[in-house]
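These are my notebook entries on a structure that I looked through.

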Amino acid sequence: MDSLNLGFSADDETLLERVQRQTFRYFWEGAHPASGWAYDRRLTAGAARNDLVSTAGVGFGIMVLIVAAEREWLSRATVIERLDLILTALENAPRFHGAFSHFLNGKTGEAVSFSKMDDGGDIVETSLLMQGVLCARQYFTRDTPSESAIRDKCQKLWNAVEWNWYTKSGRKTLYWHWSPKYQFRINLPVRGWNEGIIAYVMAAGAERPIEPTVFHNGFALNGGFRNEEPRYGMILTLGQPDGGPLFLVQSAFCGLDPRAMKDRYADYWEQAVTHTRINIEHAVRNPKGHKGYGADCWGLSASHGPKKYLVGSPDHDRGIVTPTAALSSMPYAPLESLRAMRHFLDFQNGKLWGRYGFVDAFASDGSWISKTCLAINQGPIIAMIENFRSGLLWKLFMSAPEIQTGLDRLDFMPRSSFAQNP
């Protein structure tokens, strides 16, 4: 993308760099000292409260290390040293038919139960981890012992995942969880429009692949996940009419490039852009009358809330804005995202900005501001701004032969191959 053609100034580019670098501190100086893994959450002005790590957060941490190397925030050798620590700790962590658990202990590497029966493998969390692992393998390609070792570790982690196991003996969908104790008793299929799309692309291109029918019958519901109901004068092709939380077009698309994805069901670039536009329009129209909403204050997604973790969307709007929702939309709505970024910096004289970048969430009326940051929200800010600026992570991930194989087997085609929507 060419930011200059979008009206971005040199000052705007400097601001993007500033936000990326400050947010990167979460994954560098704020990482767990034993494993190098990003903490699941940290206080904005202090230490982490425990050793809890999210597997997806580790994946985002790997991706932002690549950005740090490319932009020379750190030397390549320094990044490789940290990445080796991260990958070695992953090699020693428990796996469940190759998949990692949702949560890990950053000090011991042990799996941590997410809930009573969710104490084993999580195939979607593992996919978000492998998104970073594959990017690292594709980036560190120099013929040196240290980079060769990184590639080898990445390859072994990738090869170990038994994607087809998570179809529950060949049934026509992927299942989110498996536990040695509870087996598939959670019985949660990965289907309908959600971030699990990345698991299907990976599973279709892996050494233990799923059949394409698992995607079409399971995730896509044979077209049943399409939507025809308008919202704010726009029709979102897939999922619920308002799109749901914005992480649905962000977390899995830190690596997957929606510009290169179209199939019988949707144009995935249009899906991401329309989802974002609906979210912005909701803030502008502000049907619930939340003080502070508008074109410079928008972004509904999953985050901490005043009392508990919550998932925000136009249909479930509690007046809680998540900075990552707007900032990670930079490729889809760059001018609007930049406008929100400047507003967040100025909000209550800078109370949203801190040691690790922006806080996780805040009430638009200023009555509440989170005291925490989350790895799964901080990571996409850096990754998606970088994809807007250079396309780096999109290029790396999409260059992986396994991803190209998976997209091809699931009948994805470049958007340029289509004259119009099906």
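**Entry 1: salt bridges**

Which side chain meets that of Arg71 in a salt bridge? I first noted the basis of the entries: this is a predicted model, in which local features need pLDDT of at least 70 and side-chain atom pairs count only at pLDDT 80 or more, while totals for chains, interfaces and linings use all residues. Residues are numbered from 1 along each chain as its sequence is written, and side-chain values use heavy atoms, with hydrogens and water left out.

I found that the partner of Arg71 is Glu17, at 3.9 Å from N to O. Arg71 lies in the loop between helix H2 (55-70) and H3, and Glu17 lies in helix H1, so this pair ties together parts that are 54 residues apart in sequence. For the term itself I used this rule: a salt bridge is a side-chain nitrogen of Lys or Arg within 4 Å of a carboxyl oxygen of Asp or Glu. Helices are DSSP runs (H or I, at least four residues), numbered from the N terminus.

I then looked up accessibility, where buried means under 20% relative accessible area, exposed over 50% and partly exposed in between (1.4 Å probe, protein chains only). Arg71 counts as partly exposed at 26% relative accessibility, whereas Glu17 counts as buried at 19%.

I also found both residues in a network of salt bridges that links Glu13, Glu17, Arg71, Glu386 and Arg389.

How many salt bridges does a search of the whole structure find? I recorded 19. One of the pairs I looked up is Asp12 with Arg342, whose side chains meet at 2.6 Å, N to O. Asp12 is buried, with a relative accessible area of 9%, and Arg342 is partly exposed, at 35%.

I noted a further salt bridge between Arg231 and Glu229, with the closest N and O atoms 3.5 Å apart. Glu229 is partly exposed, its relative accessible area being 42%.

**Entry 2: helix H5**

The 15 residues of H5 (residues 145-159) should span 21 Å, and the end C-alpha atoms are 21 Å apart, which agrees.

Which residues of H5 are buried? I listed Glu147, Ile150, Lys153, Cys154, Leu157 and Trp158. Down the axis of H5 these fall within an arc of 130°, so they line one face of the helix; the arc is that of the directions from the helix axis to the C-beta atoms. On the other side of H5, I found Pro145 and Lys156 exposed. The cover over the buried residues includes helices H3 (76-92), H4 (123-139), H6 (197-205) and H13 (401-409).

I looked up Asn377, which sits in helix H11 (residues 375-389). Asn377 is buried, with 5% relative accessible area. Leaving aside neighbours within four places in sequence, Asn377 is in contact (heavy atoms within 4.5 Å) with Ala302, Ser303, Thr324 and Asp360.

Gln378 also lies in helix H11. Is Gln378 buried or exposed? I recorded Gln378 as buried, at 1% relative accessibility. Its contacts outside four places in sequence include Thr23, Tyr26, Phe27 and Tyr356.

Note on methods: Helices (H or I, at least four residues) and strands (E, at least two) are DSSP runs, numbered from the N terminus. The expected span of a helix is 1.5 Å times one less than its number of residues.
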